[in-house]
Amino acid sequence: MAALGIAMGGGNWFSALALGVTLLKCLLIPTYHSTDFEVHRNWLAITHSLPVSQWYYEATSEWTLDYPPFFAWFEYALSHVAKYFDQEMLNVRNLNYSSSRTLLFQRFSVIFTDALFVYAVHECCKCIDGKKAGKELTEKPKFILSVLLLWNFGLLIVDHIHFQYNGFLFGLMLLSIARLFQKRHMEGAFLFAVLLHFKHIYLYVAPAYGVYLLRSYCFTANKPDGSIRWNSFSFVRVISLGLIVFLVSALSLGPFLALNQLPQVLSRLFPFKRGLCHAYWAPNFWALYNALDKVLSIIGLELKLLDPNKIPKASMTSGLVQQFQHTVLPSVTPLATLICTLIAILPSVFCLWFKPQGPRGFLRCLILCALSSFLFGWHVHEKAILLAVLPMSLLSVGKAGDASIFLILTTTGHYSLFPLLFTAPELPTKILLMLLFTTYSISSLKTLFSVPSFKKIKEKKDGRDLVLLLPVSLPKQGGRARTSRELPGRCTAFPA
Amino acid sequence: MLNPLSHPGAGKPPMFGDYEAQRHWQEITFNLPIKQWYFNSSDNNLQYWGLDYPPLTAYHSLLCAYVAKFINPDWIALHTSRGYESQAHKLFMRTTVLIADLLIYIPAVVLYCCCLKEISTKKKVANALCILLYPGLILIDYGHFHLGFALWGVLGVSCDWDLLGSLAFCLAINYKQMELYHSLPFFCFLLGKCFKKGLKGKGFVLLIKLACTVVASFILCWLPFCTEREQTLQVLRRLFPVDRGLFEDKVANIWCSFSIFLKIKEILPHHFQIIISFCFTFLSLLPACVKLTLQPSSKGFRFTLVSCALSFFLFSFQVHEKSILLVSLPVCLVLSEIPFMSTWFLLVSTFSMLPLLLKDELLMPLVVTTIAFFIACATSFSIFEKTSEEELQLKSFSLSVRKYLPCFTFLSRIIQYLFLISVITMVLLTLITVTLDPPQKLPDLFSVLVCFVSCLHFLFFLVYFNIIIMWDSKSGRNQKKIN
């Protein structure tokens, strides 16, 4: 009895947290799920029933395969377990099939794959220096970080209600970050390469990885003043990194290259026909841009400066996903968004190159890349804010300044996810969970940094870039459009 | 319907019965004059979810009906709204329950834990969390108004705010008549306090004040029904349906378990059944109540609440499975004092409601909340380390027994083994009930087994709690202080 008591009571708070959140996820099984549920069921069906050569050509359902090949193989592996739950879900023609067993299987697969996320959080906690904190368990940075990551509200509602597989993908990313913190650069690079081939959205943060690895790993030493020492360049390291990336890509895209399907795969992966904004506008710069355009066009019409006949019929606010023109302001092309994004990430990348500050500097650059791409990217989903929020949690338990930025970012980011769950029964859940998470994050971080040894002046140098972007992101909450014909969840390519 | 800690999807189709009953009461109370609420008429068919709770429930339904009228009158339209179910309506009903909980029940729990003495803040928070995580209250959840009021009552009386406490408890009784299970301990405790203060002086004053408070609160609630004798009688008839027999359906009650072997319901005449159940109930709770009157103490009061409610549950008539919650609430209150036994009891009480929960398709939430509760209790209180005799409050009892049987030293080990056996049995029974089909000849086999096993557990706990009360002496307490 006593042994069991020690095992349960004792010190394993991390397992308790992980188990607790898993139980919570089980409770969320019967909640609302979006069209993403059908998307993944369809992919299970495609990968199970069709040969590899058909995967990226199959179009019976509107939800075509648009993730890189590793994810397709992942769905293939899952489908072999799925057949024991319900054979019918693996039929490509069974559109919108959602028996209770299908639901159970899919939900459990998300919960199960989150194990990788739990492991990654465990590794990240090892990278946190908690010596200066108080003695209470709940005041230790490791504990706070674990709660902020494991019980992250955004991840919970996107993965376990709205339905997606972000848990293990973020697990891979956090694990690669942890490996870079632990100076195991090759593993970090390998994990990130694999991640890219699971979901290419992580290209947003690839510049950070590239520049950091090149600058801090390939150049093995610095001059005393911190600047680059050109003669310490290590060819071996560059080549080994390149080899890793090459091999991973070969493994992923190789089969499709052999089948001459690469252009098709790429066109599926990067569907530029889908328009500047998603059906639900992500709260980014283009949302404000569109809003401004709309306002100006209304003013223009009122003041009779514009000719009503010349205004295009389809508008941004109709909730459809398509390409179209702006009325007053110049139209935005994918190239323009790319240039804006590049300009936005330039300061942080420059900092990372010219004044590297180790893994922390890399993490800041990563967050800034994620935020910049979110603000200026083409066809950004609201869920992409998680790309910035989760790594930011790692920084938040380090410095007080980072903590306050994290609080603003995470609260607004999570609030912007509310429209994803628009059904009535989920209303109390999302409000309650959001309140709990926000209250906890504010109170715990406040307690952590009120310990006298932790009071520091805001770090001006690194925080500057982050602070610059925040005023732009805050007004995003206003730029939302809603009509009765909105398409929740995934986008479609409806004609005009 | 749910509790803030549970989730909308989790309590999927709220049981048509109770959900519709609540909606129907809103319809009745809004559309009909007060005089007709408890009477059978063409507009008010008492067979269809007739009102069978005291007036405060009716007033509460009226209040909700006004809000419903403001949002959507179709929900409470007379006759036409029967069986009404829509997403918006479900959200509305859930919100009314939630608000009731937030306003009354949860503050009571939090305040109670704050007032606990001799434990650290961390333990207080853990205690509150465990109480709020109790699966029974999360899964069975049509408003815990009465439990909230009862808890305020306990709080008031324990902290010497006797008038407020008794007022709160009277409100609780007027909300659901099952709170009468808790009434005897309240009565005995307050009477004991009056005796202690001296019946010729302050005690008498207190007695008069309490009597006035009780009478006043009852009159206030029953005012519209006091005008005619027929009204009062009809309400009482609805509240205490004596013609319905000793028990209905399967409940973890002595009578139900006994009827496996001997069909009492059919053998004994009706009025005899009622007399027998009264006798057994009062006999089993008499010792504890007498002790409480003679030696009123806060601790004794809480334990007597448990044992009285348990006696009523086991021996009373027309007991519903949900009434176990009336026992679970006082057990939650003593969670910090005997964590191991309380956790065990709360697990058994959740298990005893298994057939009811399975009917509502709440298996997954049941499993999840039970595991969560168990882990929360195990980690907060380190229950497995607290199984020594002293921790189980059985020290004085085993000392007395050892005077006659010197070899009686293995009490705690027996209890540990019993716990293991009990948990294994409960898990097995749950698995069997969920996976297998019962044999053709005995379709109710599994629910009867569940009830029988739970009943045995409850009998054991009844004996245990009574032992604690009777052997809890002042000398025992002094010894602890010296130690």
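1. Let's start with a charge over a ring: the charged end of Lys176(B) sits over the ring of Tyr53(B), 4.9 Å from its centre. That label needs NZ of Lys or CZ of Arg within 6 Å of the ring centre and within 35 degrees of the ring normal.

2. A word on the basis: this is a predicted model, where local features need pLDDT of at least 70 and side-chain atom pairs count only at pLDDT 80 or more, while totals for chains, interfaces and linings use all residues. Residues are numbered from 1 along each chain, chains are lettered from A, and side-chain values use heavy atoms, without hydrogens and water.

3. On to ring pairs, meaning Phe, Tyr or Trp (its six-membered ring) with centres within 6.5 Å; planes under 30 degrees apart are stacked, over 60 edge-to-face, the rest tilted. Over all chains there are 70 aromatic pairs. Tyr56(A) and Phe256(A) make an edge-to-face one, because their centres are 5.1 Å apart and their planes at 90 degrees. Tyr56(A) is buried at 0% relative accessible area, and Phe256(A) is buried at 0% too. (Buried is under 20%, exposed over 50%, partly exposed in between, with a 1.4 Å probe and protein chains only.)

4. In chain B, ring pairs link a cluster including Phe303(B), Trp344(B) and Tyr464(B).
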